[in-house]
Amino acid sequence: MYFSNTPSQKEFEKMMQSVPNFAPRGHGSFIPKEALNVYENPKPPPASLSDAIKRTMSHIHCPPFHRRLEQYLKESENNLMDYRNEKHRIAFTEAVQKLNRKDYALMSAVYLLTADHALWMKAKQRIGQNEIRFDEIKLQNSTENGYTLFCSAKDLYLGTKHITIKDLADKDLIAPRMFALICNAMAIRRFGLGAIHYNERKTDE
């Protein structure tokens, strides 16, 4: 049980509660393995981002999460947010040029890390040879959104358990824009860049 209300506070609380000589425990699972492992559960590519998100989340058994997801998809209809803003699109497009785009875990993590400029400035030098060295990324003076994106990226890439499905269902804990970005990243983690409107030639100077 945790008494804190935000992801960053929960993380500090988790660290304080950990037992010496044992790995720190998480406070829930981020997303079921079956929803992400395309190799064990191969399926045709999604027809749209909405389709990718729905199919990715179909294995999750959490009514509050699905209520929020259904509301988000209904309100957005066919105009789902691919990127947080134009800066995010440009940063992500440039970042993945020299990376293995067939590594869906890597793509999903980079997608989230590039969504926050300050976070990306801290993280970009820690990515090389198709790997992310999360332990070397320092988050001093990080915003709440930046911390949420960092934890979600780490969860999708390493399988850690910082942000839970129940956290995502909580509108007071995860802002709408962050919820949308994390849903997109989860879809990328399962289907690759085909889940979003990615165009490697569409870059700005």
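I started at Glu-86, which is partly exposed, with a relative accessible area of 41%. The model I am reading is predicted.

**Helix α4 pair.** I looked for the partner of Glu-86. Its side chain meets that of Arg-89 in a salt bridge, at 2.4 Å from N to O. I placed both residues in helix α4, three residues apart, about one turn of the helix. Arg-89 has 9% relative accessibility, so I count Arg-89 as buried. Glu-86, at 41%, is partly exposed.

**Whole-structure search.** I ran the search over the whole structure and got five salt bridges.

**Asp-116 and Arg-84.** Next I took the salt bridge between Asp-116 and Arg-84, where the closest N and O atoms are 3.6 Å apart. This pair links distant parts of the chain, 32 residues apart. I found Asp-116 in the loop between α5 (104–113) and α6 (117–123). I found Arg-84 in the loop between α3 (63–76) and α4 (86–95). Are these two residues buried or exposed? Asp-116 is buried, with a relative accessible area of 12%. Arg-84 is at 18% relative accessibility, and the cut-off for buried is under 20%, so Arg-84 counts as buried too.

**Network.** Which residues are linked in a network of salt bridges? I noted Arg-126, Arg-133 and Glu-136. Within this group I looked up Arg-133 and Glu-136, whose side chains meet in a salt bridge of 3.0 Å, N to O. Arg-133 is partly exposed, at 25% relative accessibility. Glu-136 is also partly exposed, at 29%.

Definitions and conventions: Residues are numbered from 1 along each chain as its sequence is written. This is a predicted model: local features need pLDDT of at least 70, side-chain atom pairs count only at pLDDT 80 or more; totals for chains, interfaces and linings use all residues. Side-chain values use heavy atoms; hydrogens and water are left out. A salt bridge is a side-chain nitrogen of Lys or Arg within 4 Å of a carboxyl oxygen of Asp or Glu. Helices (H or I, at least four residues) and strands (E, at least two) are DSSP runs, numbered from the N terminus. Buried means under 20% relative accessible area, exposed over 50%, partly exposed in between (1.4 Å probe, protein chains only).
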